[in-house]
Amino acid sequence: MNSLNFPKIAGLLTSGIDHPNHVSLNIYLPYCNFNCRQCHNYKIARGEFEEVSYEQLLWELENNFIVDMVIITGGEPTIHGEKLLNLTKLIKEKRKDLILRVDSNGSKPEVVKLVSSYVDGFAIDIKAPPFKKEKYEFTIRTNFNVDALLESIKVAAELPYTIFRTVKYPWLTESDLKEIKDFVKTYGKGKPHYVNPFVEVVEESEN
Ligand code: SF4
């Protein structure tokens with residue numbers, strides 16, 4: 001394999017907490033097109049990471065039989081486009097038995113569509129009420145396109161392992177949370193929506 005055709009890997013982790021009732025091998029891809037307040041993976045999102053080799057990933061895929069799922073996360077995996085597609089194909093080729101999920105902020109529906117035949121689900125983050133552009137942009141600190149999110153959700157909601165996630169950021173009101181829940185009910189085709197507690201991130205540079 002030519003590693004130039006694949007995204008760089010910023011981390012690998014076996015985890016029992018990232019998808020309900022499953023143990024996953026998490027693959028962290030670097031860089032992100034959002035700049036969210038309180039990002040838990042801010043170093044990876046900004047491209048501060050030590051690269052993990054594809055030999056290590058292949059070793060995990062060949063030897064890690066604790067996991068029943070692979071989660072490609074980040075960062076924002078969809079910014080890697082065709083390279084993400086190549087990674088999803090590689091995982092399915094090596095371990096057909098594993099459920100494959102891709103995490104996304106929903107900003108690149110064309111890539112969600114591109115990889116959708118190779119994955120079993122997406123975790124789409126809904127970071128604020130999608131029809132409140134100002135609040136969404138306050139959270140992600142960049143431009144927000146609700147049509148792109150809706151298009152991503154349309155594709156993702158068709159897959160069996162798709163979930164939606166929201167962090168209960170302190171700046172979201174109860175009415176914001178209700179709007180988000182109603183939004184997922186309307187567009188999410190009955191897929192689960194998890195509202196996770198807020199855990200403060202103190203960035204290293206601020207210490
Ligand atoms: S989309 Fe995710 S990885 Fe990107 S900045 Fe926001 S929280 Fe961090």
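Two strands are taken to pair if DSSP finds at least two bridges between them, and helices (H or I, at least four residues) and strands (E, at least two) are DSSP runs, numbered from the N terminus. The model described here is predicted, so that local features need pLDDT of at least 70 and side-chain atom pairs count only at pLDDT 80 or more, while totals for chains, interfaces and linings use all residues. Residues are numbered from 1 along each chain as its sequence is written, and side-chain values use heavy atoms, with hydrogens and water left out.

Seven strands form an open sheet with mixed pairing, in the order β1-β2-β3-β4-β5-β6-β7. Because β1 (11-19) and β7 stand at the edges, each with a single partner strand, one side of each is left without a neighbour in the sheet. On average, and with direction ignored, neighbouring strands of this sheet are turned by 25 degrees against each other.

Within the sheet, strand β3 (residues 69-73) pairs with strand β4 (residues 99-104) in the parallel sense over four bridges, and Ile71 stands opposite Arg101 in β4. Strands β6 (residues 163-167) and β7 (residues 193-196) also run parallel and are joined by four bridges, with Val195 in β7 as the bridge partner of Thr166. Together with helix α7 (residues 174-187), β6 and β7 make a right-handed β-α-β unit, the crossover being called right-handed if, with the strands pointing away from the viewer, the path from the first strand over the helix to the second runs clockwise.

Turning to helix packing, helix α2 (residues 54-63) and helix α3 (residues 81-94) pack at an angle of about 35 degrees, with their axes 10 Å apart; axes are lines fitted to C-alpha atoms, for helices over the stretch in contact, and angles run from 0 to 180 degrees between N-to-C directions. The contact (heavy atoms within 4.5 Å) is made by Tyr54, Leu57, Leu58 and Leu61 of α2 and by Leu87, Leu90, Ile91 and Lys94 of α3.

Helix α6 (residues 146-156) lies across β5 (121-125) and β6, running at about 150 degrees to β5. In the loop between α5 (133-140) and α6 is Thr142, which counts as partly exposed at 28% relative accessibility, a class lying between buried, under 20% relative accessible area, and exposed, over 50% (1.4 Å probe, protein chains only). Leaving aside neighbours within four places in sequence, Thr142 is in contact with Asn33, Phe34 and Glu137.
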